[in-house]
Amino acid sequence: MKQNIANIVANICENKSTGMLTITFASEKNLFKIYFKNGEIYHLSFGFKKGLECLNEINEREPISYNFIPDVTIDISSGNLSTEKIVENLNKINKYISSEEGATIKSSDFEKVKEAIKTALIRQIGPIGGKILEKYIREKWVPANPPTKEDFLKLANLLIEEIEDTQSRKEFFDEINKILEVHK
């Protein structure tokens with residue numbers, strides 16, 4: 001079944017959801033990301049573009065799938081975004097996307113694993129680890145729907161580059177493996 005992107009966004013807004021909606025386009029490695037807090041859009045990103053300039057990108061591309069991950073938040077904002085105007089613009093663009101059952105993951109499991117990985121990274125590189133994790137999730141990590149153990153291992157492999165000491169890298173990876181065993 002095909003769904004209008006505007007309807008997907010409006011539904012998230014009506015439910016007053018907090019999280020991140022990602023849209024995958026054909027022949028494109030970057031994800032279009034829309035961040036919501038209590039049903040209001042507070043940030044848009046697509047590659048290096050931020051804010052309203054991202055909406056033009058939808059017009060030029062063919063969306064193929066979407067994923068909403070509840071409770072994902074970031075500490076940045078695109079400025080004065082009007083949720084109503086964004087939905088209105090998406091209605092004008094009139095792009096449809098295949099909807100799949102189970103397009104969301106259980107937020108509690110995702111958050112538990114994310115927090116455990118953040119703690120493991122902070123143990124190795126200090127308090128900056130929390131910000132680095134959020135940046136990697138926002139910009140570099142593309143999980144399946146829902147994220148699998150292998151997806152979290154890919155995230156760990158991205159994060160391990162931030163750890164300089166070989167022993168600390170091993171400790172971090174060992175801790176990640178333990179975390180993922182608990183949250184199968």
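Guide: Helices (H or I, at least four residues) and strands (E, at least two) are DSSP runs, numbered from the N terminus. By that rule the chain reads β-α-β-β-β-β-α-β-α-β-α-α-α-α along the sequence. This is a predicted model, in which local features need pLDDT of at least 70, side-chain atom pairs count only at pLDDT 80 or more, and totals for chains, interfaces and linings use all residues. Residues are numbered from 1 along each chain as its sequence is written, and side-chain values use heavy atoms, with hydrogens and water left out.

Visitor: What makes Phe25 and Phe46 an edge-to-face aromatic pair?

Guide: Rings of Phe, Tyr and Trp (its six-membered ring) pair if their centres lie within 6.5 Å; planes under 30 degrees apart count as stacked, over 60 as edge-to-face and the rest as tilted. Phe25 and Phe46 have 5.6 Å centre to centre and 85° between the planes, so the pair is edge-to-face. Phe25 is in strand β2 (residues 19-25) and Phe46 in strand β4 (residues 40-46), 21 residues apart.

Visitor: Why does the radius of gyration agree with a compact globule?

Guide: The radius is taken over C-alpha atoms, and the globule rule is 2.2 Å times the number of residues to the power 0.38. With 184 residues a compact globule would have a radius near 16 Å; the chain has 17 Å, which agrees.
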